[in-house]
Amino acid sequence: MSEEYFSDGKIFADKEVLRSSYIPENLPHRKEQIASLTDVLSTTLKRKTPSNILVFGKTGTGKTATVKYVCNQFEEMARTCNYALIFINCELFYTHHRVLSYLARFFNKRVPVFGWPTDAIYSEIKEKIDTEDRYVVVILDEMDKLVTKEDETLYKLLRINSELNKARISVIGISNFLPSSELQDQRSSLGAKEIIFPTYSTDQLKDILTERVHKAFNYSALDDAVIPLCAALATKRNGDAKRAIDLLLMAGEIAERTKSKKVVEEHVRIASKKIEANSTVRVVKTMPLHHKILLSSVLMLTREKNERYFISGEVYYMYRRLCDHLGAKPLTQRRLIDLISELDSLELINAVTVNRGRYGMTREISLNVPEELIQPVLFADYELKTLSNFSIKALK
Ligand SMILES: Nc1ncnc2c1ncn2[C@@H]1O[C@H](COP(=O)(O)OP(=O)(O)O)[C@@H](O)[C@H]1O
Ligand SMILES: [Mg+2]
């Protein structure tokens with residue numbers, strides 16, 4: 001067989017292993033969390049008082065993967081029992097009403113999307129669940145995406161056991177944020193067990209990747225520098241394991257497309273730039289209007305003036321010119337100061353506070369993303385369209 005035959009598709013052994021739907025058989029550095037979750041579920045299974053569990057940790061710390069892994073094991077343990085496992089992603093079911101309707105439907109009670117108040121649905125669910133002696137585990141993933149309002153229904157769900165005679169329920173709530181202190185009272189009254197998922201270190205990410213590549217890549221298709229680099233880049237992104245795995249997948253695809261024999265550092269760097277660019281585009285696209293106008297101001301200045309940075313006064317002036325051009329009512333300077341900080345923390349601009357002697361404190365602002373990346377995104381916004389024929393020079 002020719003050399004070419006071998007180099008074709010030689011990189012990956014099984015690409016699926018790198019997709020987000022894949023549940024790994026082994027979760028390095030999550031032993032403690034697995035043990036805690038298993039402990040709660042198995043004691044409840046033995047007819048003890050059920051507990052709720054709250055899981056906290058940043059994006060990509062393995063919360064979803066770990067809970068799913070434990071639930072799979074639980075299904076084995078519970079094979080001879082009457083139980084139900086219900087997994088709800090609150091990114092899709094983002095109101096209390098939707099969550100409860102979903103639960104009601106799970107127990108064969110159809111509820112109209114509109115019209116029924118949540119406490120009526122809650123009563124229905126309670127009645128349905130309690131018709132049998134069973135153990136129900138409800139997993140609320142991405143719980144922080146729930147639109148909270150003042151609705152207490154979900155908190156009622158967490159306390160439902162005291163109102164049940166036959167059935168028992170454990171709710172596992174998964175959140176990307178530690179709850180605010182206002183929720184402290186509510187939390188302690190729930191008596192839920194809290195499990196924290198700490199951020200992964202670079203070494204831990206290396207272990208996770210090493211485990212994964214054995215299945216995903218063909219033998220010797222990865223240069224030794226690849227895993228450490230993916231781990232290091234993901235560490236800068238809050239130790240997000242998903243980012244680390246995405247980098248591997250994309251680097252592998254780039255290597256494949258360029259018919260390389262091995263994935264090397266360069267492929268990872270290209271992949272990283274692409275992923276960063278995609279996330280920048282996503283952020284810019286979904287920003288509110290005045291964030292976009294402000295970012296456009298910095299973009300215009302960068303494009304038409306040959307300077308590295310601009311002082312805040314210049315940017316505000318430009319912003320007001322653009323608002324004028326667009327027929328939008330400008331925000332107050334106080335509000336703009338906040339917006340500058342927000343764009344800075346989104347890493348779209350750099351805003352450095354400097355002391356300019358008798359002129360006092362000001363901020364030096366520069367664009368932190370490529371002009372050619374964000375300009376099309378900004379100008380594609382219907383409300384900003386006419387900026388494409390705006391020119392600073394014409395103003396002077
Ligand atoms: N300890 C681990 N071992 C193996 N893979 C992991 C581990 N932690 C996270 N992952 C993987 O990283 C990705 C992100 O994990 P996920 O559980 O979705 O994070 P979270 O829900 O905390 O945002 C998934 O592909 C998951 O399989
Ligand atoms: Mg998750």
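Biologist: Which element of the protein has the lowest mean pLDDT?

Modeller: This is a predicted model, where local features need pLDDT of at least 70, side-chain atom pairs count only at pLDDT 80 or more, and totals for chains, interfaces and linings use all residues. Residues are numbered from 1 along each chain as its sequence is written, while chains are lettered from A and ligands numbered from 1 in the order in which they are written. pLDDT is the predictor's confidence in each residue, from 0 to 100, and elements are DSSP runs numbered from the N terminus: helices (H or I, at least four residues) and strands (E, at least two). Helix H9 (residues 226-236) has the highest mean, 97, and the lowest, 43, belongs to helix H1 (residues 3-7).

Biologist: Which residue is the bridge partner of leucine 140 in S4?

Modeller: Strand S3 (residues 135-141) pairs with strand S4 (residues 168-175) in the parallel sense, over six bridges. In S4, leucine 140 has as its bridge partner glycine 173.

Biologist: How far apart are the axes of helix H2 and H3?

Modeller: Two packed helices are described by the angle between their axes and the distance between the axes. Axes are lines fitted to C-alpha atoms, for helices over the stretch in contact, and angles run from 0 to 180 degrees between N-to-C directions. Helix H2 (residues 31-45) and H3 pack at about 35 degrees, and their axes are apart by 10 Å.

Biologist: How many nonpolar residues does the contact of H2 with H3 have?

Modeller: Among the residues making this contact are Leu37 and Leu41 of H2 and Val70 and Phe74 of H3. Ala, Val, Leu, Ile, Met, Phe, Trp, Tyr, Cys and Pro count as nonpolar, Asp, Glu, Lys and Arg as charged, and the others, Gly among them, as polar. The contact has no charged residues and five polar ones, and its nonpolar residues number nine.

Conventions:
Two strands pair if DSSP finds at least two bridges between them. Two residues are in contact if their C-beta atoms, placed from the backbone, lie within 7 Å.
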